[in-house]
Amino acid sequence: MTSQPQQRYLVLFDFDETIINENSDDAVLQALPDPQLPDWLKNSYREGHYNEHMQQILAYMSEQGVSPDAIQLAVEKIPPTPGLLNLLQFLQSHQQDFELAVVSDANMYFIETWLKQAGVRHLFRKIFTNPASFDDDGRLVLLPFHAHSCPHCPDNMCKQVILREYLTVRQKERGGASFQRVFYIGDGANDICPSLVLGPRDTAFPRKDFPMHRLLLESQGSKLKTNMVPWSRGQDVVDCLKKIMEER
């Protein structure tokens with residue numbers, strides 16, 4: 001029996017404001033009777049400890065009587081970024097070439113819920129994000145993804161560590177074959193760290209005029225060893241990927 005040819009390219013997606021057009025943590029606040037959080041809760045945020053802060057917000061939502069169904073509905077209503085579903089359609093039509101994964105500081109419940117209702121969960125081989133599930137009282141309990149020693153990232157997640165480890169694991173699983181190219185699509189400041197490990201054949205896609213793009217233009221760009229292609233719509237990414245595929 002001949003084995004199926006391996007996918008040549010790896011595409012990594014952030015979730016908030018990359019796959020979806022909003023921040024999912026902000027969007028679920030619409031399920032509250034009053035979406036304005038009290039000052040004591042807003043002021044409890046500490047730099048680099050956002051995961052802890054979100055744990056407190058989810059506990060507060062439960063205390064305010066927000067049900068699991070209401071949270072699910074709020075997540076499902078979030079719109080995709082412009083052209084994102086077209087991009088996923090393109091990648092699905094070339095599944096033999098592209099392996100997809102999500103790397104996000106949101107949480108597993110939000111991401112899986114949204115991807116399933118959009119009918120695209122099956123396209124992603126792996127989702128790296130913070131664990132989250134409902135407890136017996138109907139409260140969504142959020143946990144940190146991992147611990148790490150990177151000084152530039154939030155305490156619960158360094159996407160560069162995740163990317164490095166995943167590439168190593170997949171190379172072993174693929175019998176020593178690495179991906180020909182890696183593509184990283186993101187928008188936030190925490191998407192810069194993983195982009196810095198990409199090589200000259202890879203591409204970082206920062207969302208135009210969002211923090212990742214601005215920081216790469218202002219200060220971080222000199223550290224980048226990869227190609228940078230800003231995007232506003234999914235079609236911008238499709239156009240770039242088509243060109244690369246034609247170069248094979």
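How many bridges join E1 to E2? In this predicted model, the two strands run parallel and are joined by 5 bridges. The legends below describe close-up views of the sheet and its surroundings.

**Figure 1. The open sheet is built from 6 strands.** The strands follow the order E3-E2-E1-E6-E7-E8, and their pairing is parallel. The edge positions are taken by E3 and by strand E8 (227-228). Each of these two has a single partner strand, so one side of each is left without a neighbour in the sheet.

**Figure 2. Strand E1 pairs with E2 and with E6.** The pairing of E1 and E2 is parallel and comprises 5 bridges. Strand E1 covers residues 9-13, while E2 spans residues 98-107. Between E1 and strand E6 (residues 181-186), the pairing is likewise in the parallel sense, over 5 bridges. Phe 13 can be followed into both pairings: Val 102 stands opposite this residue in E2, and Ile 185 is its bridge partner in E6.

**Figure 3. Strand E2 is largely enclosed by the rest of the structure.** This description applies because 10 of the 10 residues of E2 are buried. Both faces of the strand are covered. On one side lie the buried residues Phe 98, Leu 100, Val 102, Ser 104 and Ala 106.

**Figure 4. Strands E2 and E3 pair in the parallel sense.** The pairing extends over 5 bridges. Two positions locate the strands against each other: Ala 101 has Lys 126 as its bridge partner in E3, and Asn 107 stands opposite Asn 130 in E3. The chain passes from E2 to E3 by way of helix H6 (residues 108-117), and this β-α-β crossover is right-handed. Strand E3 (residues 124-130) is mostly covered, with 5 of its 7 residues buried.

**Figure 5. Thr 113 lies in helix H6.** Is Thr 113 buried or exposed? The relative accessibility of Thr 113 is 10%, so this residue counts as buried, the cut-off being under 20% relative accessible area. A polar atom of the Thr 113 side chain lies 2.7 Å from the backbone oxygen of Tyr 109. When residues up to four places away in sequence are not counted, Thr 113 touches Gln 72, Val 75 and Glu 76.

**Figure 6. Tyr 9 and Phe 98 form an aromatic pair.** By the rule that ring centres lie within 6.5 Å, the count comes to 10 aromatic pairs. In the pair of Tyr 9 and Phe 98, the ring centres are 5.2 Å apart and the planes are at 40°, an arrangement classed as tilted. The pair links distant parts of the chain, since Tyr 9 belongs to strand E1 and Phe 98 to strand E2, 89 residues apart. Both Tyr 9 and Phe 98 are buried. A further tilted pair is formed by Phe 90 and Phe 98, with 6.3 Å from centre to centre and 55° between the planes. Phe 90 and Phe 98 are both buried. One aromatic cluster is formed by Tyr 9, Phe 90, Phe 98, Phe 183 and Phe 205.

**Figure 7. Gln 6 lies in the segment before E1.** Gln 6 is partly exposed, with a relative accessible area of 39%. Its C-alpha atom is separated by 7.5 Å from that of Asp 97, although Gln 6 and Asp 97 are 91 residues apart along the chain. Leaving aside neighbours within four places in sequence, Gln 6 is in contact with Gln 96, Arg 174 and Ala 177. The side chain of Gln 6 reaches the backbone oxygen of Arg 174 at 3.1 Å.

**Figure 8. Arg 174 lies over the face of Phe 179.** The distance from Arg 174 to the ring centre of Phe 179 is 4.0 Å. Arg 174 is also one of the residues in contact with Gln 6.

Definitions and conventions: Residues numbered from 1 in each chain as written. Predicted model: local features only at pLDDT ≥ 70, side-chain atom pairs only at ≥ 80, totals over all residues. Heavy atoms only, no water. Phe/Tyr/Trp six-rings, centres within 6.5 Å; stacked < 30°, edge-to-face > 60°. Helix = DSSP H or I, 4+ residues; strand = E, 2+ residues; numbered from the N terminus. Buried < 20%, exposed > 50% of the residue type's maximum accessible area, 1.4 Å probe, protein only. Lys NZ or Arg CZ within 6 Å of the ring centre and 35° of its normal. Pairing = 2+ DSSP bridges. Right-handed = clockwise from strand over helix to strand, strands pointing away. Polar contact = N/O pair within 3.5 Å; in protein donor to acceptor, adjacent residues only side chain to side chain. Contact = heavy atoms within 4.5 Å.
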